[in-house]
Amino acid sequence: MVNQKTISARINVYTLWRIEQECMVSVTSRNRILNDGARLYLDLQDAKQAYSAHADPETRAKILNGFLKTWFPSAATW
């Protein structure tokens, strides 16, 4: 089963430099950082759409808290 596909992308030089810096300090691969970044972006877009679709403040708070639990757990209100 193939879980990955090779792609080619143009990336800003500064962004690539920051990725390389993160690789050095966290011993995380570029591939992992790029995959996590793509997931974060897509999850953020989903959260923004869900937030916009609901007017109820309690529902909106749950949407935001769900996003935070995944990406910034220390900021979530458990």
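**Reading burial and packing**

Reply: Asparagine 65 is buried, its relative accessible area being 12%, where buried means under 20% relative accessible area, exposed over 50% and partly exposed in between, with a 1.4 Å probe and protein chains only. Before going on, note that this is a predicted model, in which local features need pLDDT of at least 70 and side-chain atom pairs count only at pLDDT 80 or more, whereas totals for chains, interfaces and linings use all residues. Residues are numbered from 1 along each chain as its sequence is written, and side-chain values use heavy atoms, with hydrogens and water left out.

Me: In which helix is the place of asparagine 65, and which residues does asparagine 65 touch, not counting residues up to four places away in sequence?

Reply: Asparagine 65 lies in helix α3, residues 57–71, where helices (H or I, at least four residues) are DSSP runs numbered from the N terminus. Contact means heavy atoms within 4.5 Å, and asparagine 65 touches Ala76, Thr77 and Trp78 when residues up to four places away in sequence are not counted. The buried residues of α3 are Ile63, Asn65 and Phe67, and what covers them includes α2.

Me: Is alanine 61 buried or partly exposed?

Reply: Alanine 61, which is also placed in helix α3, counts as partly exposed at 44% relative accessibility. The C-alpha atoms of alanine 61 and threonine 77 are separated by 9.6 Å, the two residues being 16 residues apart along the chain.

Me: How many residues does α3 have, and what span is expected?

Reply: The expected span of a helix is 1.5 Å times one less than its number of residues. With 15 residues, α3 reaches 21 Å from its first C-alpha to its last, close to the 21 Å expected at 1.5 Å a residue.

Me: At what angle do α2 and α3 pack?

Reply: Two packed helices are described by the angle between their axes and the distance between the axes. Axes are lines fitted to C-alpha atoms, for helices over the stretch in contact, and angles run from 0 to 180 degrees between N-to-C directions. Here α2 and α3 pack at an angle of about 170°, with their axes 9 Å apart. That makes α2 roughly antiparallel to α3, since angles under 35 degrees count as roughly parallel, over 145 as roughly antiparallel, 65 to 115 as roughly perpendicular and the rest as oblique. Among the contact residues are Leu40, Leu44 and Tyr51 of α2 and Ile63, Phe67 and Trp71 of α3.

Me: What is the crossing of α1 and α2 like?

Reply: The axes of helix α1 (residues 13–26) and helix α2 (residues 30–53) come within 9 Å and cross at roughly 120°, and the two helices are therefore oblique to each other. In this contact, Leu16, Ile19, Glu20, Glu22 and Cys23 of α1 meet Arg30, Ile33 and Leu34 of α2. Leucine 34 touches Ile11 and Ile19, not counting residues up to four places away in sequence, and at 45% relative accessibility leucine 34 counts as partly exposed. The C-alpha atoms of leucine 34 and isoleucine 19 are separated by 8.4 Å.

Me: What is found in the loop between α1 and α2?

Reply: Valine 27 is found in that loop, and valine 27 has a positive phi of about 50° although it is not a glycine. Valine 27 is exposed, with a relative accessible area of 75%.
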